[in-house]
Amino acid sequence: MIQQQAFTEAKRMLKGGLHCHTTRSDGRGTPEEVIRYHYEHGYDFLAITDHRFYNFKNYAPDVPVTIIPGMEFDNDFEVKNRGFRTFHTVCIGPSKEDGNGFEQDERLTSGTAKNQEEYQKYLDEFHAKGNLTFYCHPEWSSTPARYFDKLTGNFAMEIWNSSSVMGCDMDRDASYWDELLGQGKIIYGVATDDGHPMEQHCHGWVMVNAENNINAILNALKAGAFYSSCGPEIYNFYVEDGKAVVECSPAARIRFQSDMHPTVMKISENASLTRAEFSVNGWAYVRVSVIDRDGNYAWSNPIFL
Ligand SMILES: [Zn+2]
Ligand SMILES: [Zn+2]
């Protein structure tokens, strides 16, 4: 049996936010308000990732939310006479004591990269400083996979971004993820909010199989021991005897997919599916999406076969 890493040795699943903004950059809520708001919505951890402005600090120290150090970095790249595209990357890292090479309130400057090869040097620098990176809102950035598929070292990419969904109806269901997975890349999918105004926070999150401390959470993310959700819960996902099996909270639809036919959708008229299976013989990987009666998604990470 191959069990997706989120579901091995069941620890408590931690609910976490990996991408948000505050008044430290162009968000509307103060860092303290944003932390409290996430706590009220059941979050165990949160990264405050203001634009090019690194944060380690817990601005609401009485609230039991683990703050993951981080920031968001960006570079634009020009397309002659036709507007521009942009690369955005969230960095998350350990404490200073555990080797994070950034400083509290360190500011970075944005610039222009000619292409993804040139942008790679920034990722290399962030990784050398002990940080993990993930690629943000590819649809909103107008970067189909061919514009970011050669970047190396990203542990994940965004498959849901509440700000892009609410602003542009984009980045809502992983449209470019399978292009990278189909190339054999091991890259996980994260749901984030990228919340700027308060109403954009707490719609998309990750559920991580880890102890509640920064290093354990980072290690679990890097290992793919998590799933992403806007509501539904996934309790188990594994492949056994050529069949992928998922167990989950009551669902109206469950979709198994890879980068080849046949994608299969199991449907329940009364939204009562709590288990589904599908033969995946010949597939290189399988992932599953669980959709509840209100249309909210949860996405497993892939099982590589
Ligand atoms: Zn961004
Ligand atoms: Zn952002």
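Modeller: Start with the spacing of the donors. Along the chain, the donors of the zinc ion (ligand 1) follow the pattern E-x15-H-x48-H. This is a predicted model. The protein donors are Glu-72 (OE), His-88 (ND1) and His-137 (NE2). They lie 2.1 to 2.2 Å from the zinc ion (ligand 1).

Glu-72 also bridges two metals, the zinc ion (ligand 1) and the zinc ion (ligand 2). These two ions lie 3.5 Å apart. Glu-72 sits in strand β5 (residues 70-78) and His-88 in strand β6 (residues 84-92), so the pair ties together parts that are 16 residues apart in sequence.

The cut-off for buried is under 20%.

Seven of the nine residues of β5 are buried, so the strand is largely enclosed by the rest of the structure. Nine bridges join β5 to β6, and the two run antiparallel. Within β6, Arg-85 stands opposite Phe-77. β5 also pairs with strand β7 (residues 111-112), in the parallel sense and over two bridges. There, Gly-111 of β7 is the bridge partner of Asn-75.

Leaving aside neighbours within four places in sequence, Met-71 is in contact with residues including Ile-48, Phe-53, Tyr-54, Val-90, Phe-102, Leu-108 and Phe-126.

The largest nonpolar core has 34 residues. Those with the most contacts inside this core are Met-71, Tyr-119, Phe-126, Phe-148 and Met-157. Elements that give two or more residues to the core include β5, β6, α2 (116-128) and β9 (154-161). Also on that list are α4 (177-182), β18 (285-291) and β19 (297-299). α2 gives the most, with four residues. The core draws at least three residues from each of domain 1 (2-229) and domain 2 (234-304). A second, separate core has 27 residues, including Ala-6, Phe-7, Tyr-227 and Phe-237.

Now the two domains. The domain assignment of the protein chain gives domain 1 (2-229) and domain 2 (234-304). Their centres, taken over C-alpha atoms, are separated by 25 Å. The contact between them takes 23 residues from domain 1 and 20 residues from domain 2.

At 0% relative accessibility, Ser-229 counts as buried. Not counting residues up to four places away in sequence, Ser-229 touches Ala-191, His-203, Gly-204, Trp-205, Tyr-297, Ala-298 and Trp-299. Val-190 is 39 residues from Ser-229 along the chain, and the two C-alpha atoms are separated by 8.6 Å.

Six bridges join β13 (residues 234-240) to β14 (residues 243-251). Phe-237, listed above in the second core, stands opposite Val-246 in β14.

In α1 (residues 31-40), the residues Pro-31, Val-34, Ile-35 and His-38 are buried. They cover an arc of only 100° around the axis, which puts them on the same side of α1. An α-helix has 3.6 residues a turn, so residues three or four places apart point the same way. β3 (45-47) and β4 (66-68) are among the elements that cover the buried residues of α1. Just after α1, Gly-42 takes a positive phi of about 85°.

To return to the metal site: Glu-72 is the residue that bridges the two zinc ions, and its strand β5 is joined to β6 by nine bridges.

Key: Residues numbered from 1 in each chain as written. Chains lettered and ligands numbered in written order. Predicted model: local features only at pLDDT ≥ 70, side-chain atom pairs only at ≥ 80, totals over all residues. Heavy atoms only, no water. Donors = N, O, S within 2.8 Å, 3.2 Å for Na, K, Ca; no water. Core = buried A, V, L, I, M, F, W, Y, C linked by side-chain atoms within 4.5 Å. Buried < 20%, exposed > 50% of the residue type's maximum accessible area, 1.4 Å probe, protein only. Domains from an automatic or database assignment. Contact = heavy atoms within 4.5 Å. Pairing = 2+ DSSP bridges. Arc of directions from axis to C-beta.
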